[in-house]
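Please keep the sequence and the structure in view while reading.

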Amino acid sequence: MITRQRLAAGICALLATLTAGVAFPAGAVADETDSAASPKVELVLDVSGSMSAKDMDGGSRMAAAKQAFNEVLDATPEEVQLGIRTLGANYHGNDRKTGCKDTAQLYPVGTLNRTEAKTAVATLTPTGWTPIGPALLKAADDLDGGDGTRRIVLISDGEDTCQPLDPCEVAREIAAKGIGLTIDTLGLVPDAKTRDQLSCIADATGGTYTSVQHKEELSDRVGQLVDRAADPVVTPVATEGATQCSSAPTLKSGLYTDREEFGKQRFYRVDVDPGQELRASVSVGADREVNPDYGVLMRAVTVHGREIVRGEGTGNGRTDVISTGLRYPKAESDDDNAPTETVCLQVTNSFSAGAGVKTTPGLPLELTVDVVDGPSMASDVASFGLGRGWWLLGALVLTGFVAGLLWGWLSRWRLAVWRTN
């Protein structure tokens, strides 16, 4: 009787599950969730007249870009929503005002139809101006909405020709919105002005700049950046450092964001057990105009203020993010009850605001904290950076010494034979 009741209950549960599956299709729910969190990428391509120059492995820059796009479209991960925007592709005239509005979405950001996207790319012909700033503003709007990662990949062979809308300032404005959009830039011409501008755009949003002069390099790099958009993203946790160690927040391993005033310092506390290693890094961004020659200092100190280790980085006014880091291994103890050590992380900056620039809120700061198992042996902790490589160095020294003795003995023997004969 009991067996029959259990069997009947199991059949009822199975029927209920199937009924629920019909009423609420699992695929529809999953698709909506995936769509909301799908990574989005927009490729922004310079189609100005200079892209017709034939200096990319014997072909034009435009031909190299088309080949790269076709290869990338074939390899784009299914979960990535991809779009293509052009700048300088449609206006043939000389009117600057009209030319600086010449940016259009060639293929909308969404589920990729590879055939349609390739067909759209095939129609491109080097044409007009280089309105990088307006194109970035429009691209940011194209990627608006959703919780997934958002990335702009800008490919250009020259500077923006539509000043005073400075594309570097546009990138800073995009970063200041806090929408988590990254701009990566690729320069097809290795001149200093183009490099400086594209580097500035990338640095303002935490992106990368790459100088590319060969077709294969272009395809590989664009493909890497599109693939990177599909990687999982760690969302930083907001925290608030203190002006002194005693009142600082205690942080676990993770990624944190904060704001630090110009020329000030922030303290954070991290607990490190014996046998563990503290690894920490910090990046401070110049999200507004700052004076040149600045730096960032990160110190690990005891609760009493004694310095344990430090790291520092410097800038010259052209880099918008300065980073530094440090490592502190806590030696393992034979005492099972050895106390945990509280390490204070002190972050100091020497940024100063430019004329007329607001100093509040403070500069954006991103802090990474990682507490991991330390070196397995005490000798690995600080062997002048060699770790277990000491044995290799000793072997090389011994080998050199023996080889020297043998060579000296053979040389003397040959000399003695020569004199005898």
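## Disulfides

Why is the disulfide of Cys100 and Cys162 left-handed? The torsion about its S-S bond is about -95°, so the link of Cys100 and Cys162 has the left-handed form. Helices (H or I, at least four residues) and strands (E, at least two) are DSSP runs, numbered from the N terminus. The sulfur atoms of Cys100 and Cys162 are 2.0 Å apart, and a disulfide is here a pair of cysteine sulfur atoms within 2.5 Å. Cys100 counts as buried at 12% relative accessibility, and Cys162 counts as buried at 6%; buried means under 20% relative accessible area, exposed over 50%, and partly exposed in between, with a 1.4 Å probe and protein chains only.

The model is predicted, so that local features need pLDDT of at least 70 and side-chain atom pairs count only at pLDDT 80 or more, whereas totals for chains, interfaces and linings use all residues. Residues are numbered from 1 along each chain as its sequence is written, and side-chain values use heavy atoms, with hydrogens and water left out.

A search of the whole structure finds three disulfides. One of them joins Cys168 to Cys200, with an S to S distance of 1.6 Å, and with -50° about the S-S bond this link is left-handed. Cys168 belongs to helix H7 and Cys200 to helix H8 (residues 192-204), and the pair links distant parts of the chain, 32 residues apart; both cysteines are buried. Another disulfide joins Cys245 to Cys344 at 1.7 Å from S to S. Cys245 lies in the loop between E7 and E8 and Cys344 in strand E14 (residues 341-349), so this pair ties together parts that are 99 residues apart in sequence, and both Cys245 and Cys344 are buried. With bonded cysteines counted along the chain, the disulfides follow the pattern 1-2, 3-4, 5-6.

## The open sheet

Five strands form an open sheet of mixed pairing, in the order E7-E8-E15-E10-E13. Strand E7 (237-238) and strand E13 (321-329) stand at the edges with a single partner strand each, so one side of each is left without a neighbour in the sheet. Two strands count as paired if DSSP finds at least two bridges between them. Strand E8 (residues 254-260) pairs with strand E15 (residues 363-373) in the antiparallel sense over seven bridges, and Tyr256 stands opposite Leu367 in E15.

## Core and buried elements

Which residues have the most contacts inside the largest nonpolar core? They are Leu43, Leu45, Ile155, Leu186, Leu218, Val222 and Val226, in a core of 32 residues. The elements that give two or more residues to this core are strand E1 (40-46), helix H3 (61-75), strand E2 (81-87), helix H5 (114-122), E4 and helix H9 (215-229), and H3 provides the largest share, seven residues. A nonpolar core is a set of buried Ala, Val, Leu, Ile, Met, Phe, Trp, Tyr and Cys residues joined through side-chain atoms within 4.5 Å.

Val41 lies in strand E1 and is buried, with a relative accessible area of 0%. The C-alpha atoms of Val41 and Ile152 are separated by 5.8 Å, although these residues are 111 residues apart along the chain. Helix H6 (residues 132-142) is mostly covered, with eight of its 11 residues buried, among them Ile132, Leu136 and Asp142.

By contrast, Arg195 in helix H8 counts as partly exposed, at 35% relative accessibility. The C-alpha atoms of Arg195 and Glu159, 36 residues apart along the chain, are separated by 8.7 Å.
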